[in-house]
Every structure is written in C-alpha cells, then in structure tokens.
Amino acid sequence: MGGEVIMAAIFFGTIFGLFYLFYSTRNKERLALIEKGADASIFNLGRRSGIALWKILVLNIALLLMAIGLGIFIASIFDTILGVDAEVAYPGTIFLMAGLGLFAGFTLTKKLEKES
C-alpha cells in the first residue's frame with residue numbers, strides 16, 4: 001500500500017511542479033519585458049490566427065483517429081495475409097499511420113491558417 005501512495009504523490013508533485021515552473025517563468029519574462037518598456041501586444045502574438053482553436057483540434061484528432069484505425073486495418077492484413085508477426089505488425093503500423101495522420105493534420109492546419 002505504501003508504494004501506491006508514493007507513486008501518486010510523485011505523479012501529482014510532478015504535474016504541480018511543471019505548472020508552477022511554466023507560470024512562474026512566464027510571469028518573470030513578462031515582468032522583465034514590461035520593465036524594459038516593451039509593447040504589451042507581444043503577449044498576444046499566438047492569438048492572432050483567424051481560425052478557431054477548436055477547429056484545429058477537431059481536425060487533428062479526427063485525422064489521428066482515422067490513421068490509427070487504418071493502421072489497425074493494415075496491420076491485420078499484414079498479420080493474416082502476409083504472415084508478419086502480430087507483435088511487430090500492429091505497433092509498427094499503428095505508430096506509422098498515426099505519425100502520418102498527425103503530419104497530414106499539421107499540413108492542413110498550415111493551409112487553413114494561410115487562407116484566413
């Protein structure tokens with residue numbers, strides 16, 4: 001029972017530490033820029049895109065899930081027809097197709113941002 005408690009504490013401590021580090025560093029950077037007299041508009045550079053974030057997220061998730069499904073289908077073909085070992089075919093094909101799906105999502109997102 002002691003091991004589970006320690007693992008949970010380490011997990012939540014790591015999550016807390018990452019958020020604390022992110023927000024404290026961001027705050028220090030912004031304060032330093034304000035002290036130098038930099039324009040406040042640089043804080044909103046990432047939000048200038050005309051396309052909504054949820055559209056990009058839905059597009060990428062949809063392409064990722066379709067690619068994973070296609071990877072499972074192709075792996076089953078490799079396993080049954082070509083006789084490739086299932087322990088190799090399934091993970092390899094799933095990861096390959098997921099990577100291709102994410103790359104396609106990235107490419108389509110760039111195209112959408114150029115259009116808007």
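**The whole chain**

Please begin with the entire protein in view, bearing in mind that the model is predicted. In a cartoon display, the secondary structure amounts to three helices and zero strands, and the order along the sequence is α-α-α. The radius of gyration is 22 Å, whereas the globule rule gives 13 Å for 116 residues; the protein is therefore more spread out than a compact globule. Turning the C-alpha trace along its principal axes shows spans of about 65 × 55 × 20 Å.

Of the 116 residues, 12% count as buried. With regard to contacts between residues at least 6 apart in sequence, 59% join residues at least 24 apart.

**The aromatic pairs**

The structure contains four aromatic pairs. Select phenylalanine 11 and phenylalanine 12 and show their side chains. The ring centres lie 5.3 Å apart with the planes at 70°, so this pair is edge-to-face. Is phenylalanine 12 buried or exposed? Its relative accessibility is 57%, which lies over the 50% cut-off, and phenylalanine 12 therefore counts as exposed.

Select next phenylalanine 19 and tyrosine 23. These two rings form a stacked pair, with 6.4 Å from centre to centre and 15° between the planes. Both residues belong to helix α1, which covers residues 2-36. Because they are four residues apart in that helix, about one helical turn separates them. Tyrosine 23 has a relative accessible area of 43% and is partly exposed.

Phe19, Phe22 and Tyr23 together make up one aromatic cluster.

**The nonpolar patch**

Finally, select Leu70, Phe73, Ile77, Phe78, Ile81, Leu82, Val84 and Val88, and return to the surface display. These residues form a nonpolar patch on the surface, and their accessible area together is about 730 Å². Which helix contributes the largest share of the patch? That share, six residues, comes from helix α2, which covers residues 53-82.

The last stop is leucine 70, one of the patch residues. Leucine 70 is located in helix α2. With a relative accessibility of 40%, leucine 70 counts as partly exposed.

Definitions and conventions: Residues numbered from 1 in each chain as written. Predicted model: local features only at pLDDT ≥ 70, side-chain atom pairs only at ≥ 80, totals over all residues. Heavy atoms only, no water. Phe/Tyr/Trp six-rings, centres within 6.5 Å; stacked < 30°, edge-to-face > 60°. Buried < 20%, exposed > 50% of the residue type's maximum accessible area, 1.4 Å probe, protein only. Helix = DSSP H or I, 4+ residues; strand = E, 2+ residues; numbered from the N terminus. Patch = residues over 30% accessible without salt bridge, like charges linked within 9 Å, V, L, I, M, F, W, Y side chains within 5 Å. Areas by Shrake-Rupley, 256 points an atom, 1.4 Å probe, with all protein chains shown as cover. Salt bridge = Lys/Arg side-chain N within 4 Å of Asp/Glu carboxyl O. Rg over C-alpha atoms; globule rule 2.2 N^0.38 Å. Contact = heavy atoms within 4.5 Å.
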